[in-house]
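Student: I'd like a close look at a single part of this model, please. Pick one and take me through its surroundings.

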Amino acid sequence: MGKDKKASGSGSGSKGGKDAGKDAGKDAGKAAKGAQSINVRHILCEKHGKKEEALAKIRDGADFGAVAREYSEDKARTGGSLGWKQKGTLDPEFEKVAFALETSSTGSPKIGEAKTPFGYHIIMVEGKK
């Protein structure tokens, strides 16, 4: 992280390091205000085509948990529930999508997608704290 702060401070021109420090503090404060853990569900598919089939069912109004039980290739086939996960404990691509999602329910999910080394994920978040 230190490299990022230096890089953003170096582009501040004639204002110097004083203003760059203020900006870095503001950014750190914004990050701290966001959710630090999420109650997340996902559907994991090895093949893109299978993920697309599952996505179509969800978009047609199927319950996320039911689709997860049918399509997910994850060991935990309990409706796709991963439970509460802390920021920094998930794959970075998965986490970026998951923490950006609004909370929703399995009956009316707000979903996101991510590709990780594990496969293709359809993600929804049930709670944040």
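Tutor: Strands (E, at least two residues) and helices (H or I, at least four) are DSSP runs, numbered from the N terminus. This is a predicted model, where local features need pLDDT of at least 70 and side-chain atom pairs count only at pLDDT 80 or more, while totals for chains, interfaces and linings use all residues. Residues are numbered from 1 along each chain as its sequence is written, and side-chain values use heavy atoms, with hydrogens and water left out.

Let's take strand S4, residues 119-128. On one side, S4 pairs with strand S1 (residues 37-45) in the antiparallel sense, over eight bridges. Among the facing residues, Ile43 has Ile122 of S4 as its bridge partner, and Val40 stands opposite Val125. S4 also runs antiparallel to strand S3 (residues 111-116), joined by six bridges; here Gly112 is partnered by Ile123 of S4. Two residues lie between S3 and S4 in the hairpin they form.

Stepping back, the strands make an open four-stranded sheet with antiparallel pairing, in the order S2-S1-S4-S3. From one strand to the next, the twist averages 35 degrees. Helix H4 (residues 64-71) packs on this sheet and touches S1, S3 and S4, contact being heavy atoms within 4.5 Å. The direction of H4 makes about 45 degrees with that of S1; axes are lines fitted to C-alpha atoms, for helices over the stretch in contact, and angles run from 0 to 180 degrees between N-to-C directions.

Finally, seven of the 10 residues of S4 are buried, so the strand is largely enclosed by the rest of the structure. Buried means under 20% relative accessible area (1.4 Å probe, protein chains only), exposed over 50%, and partly exposed in between.

Terms used. Two strands pair if DSSP finds at least two bridges between them.
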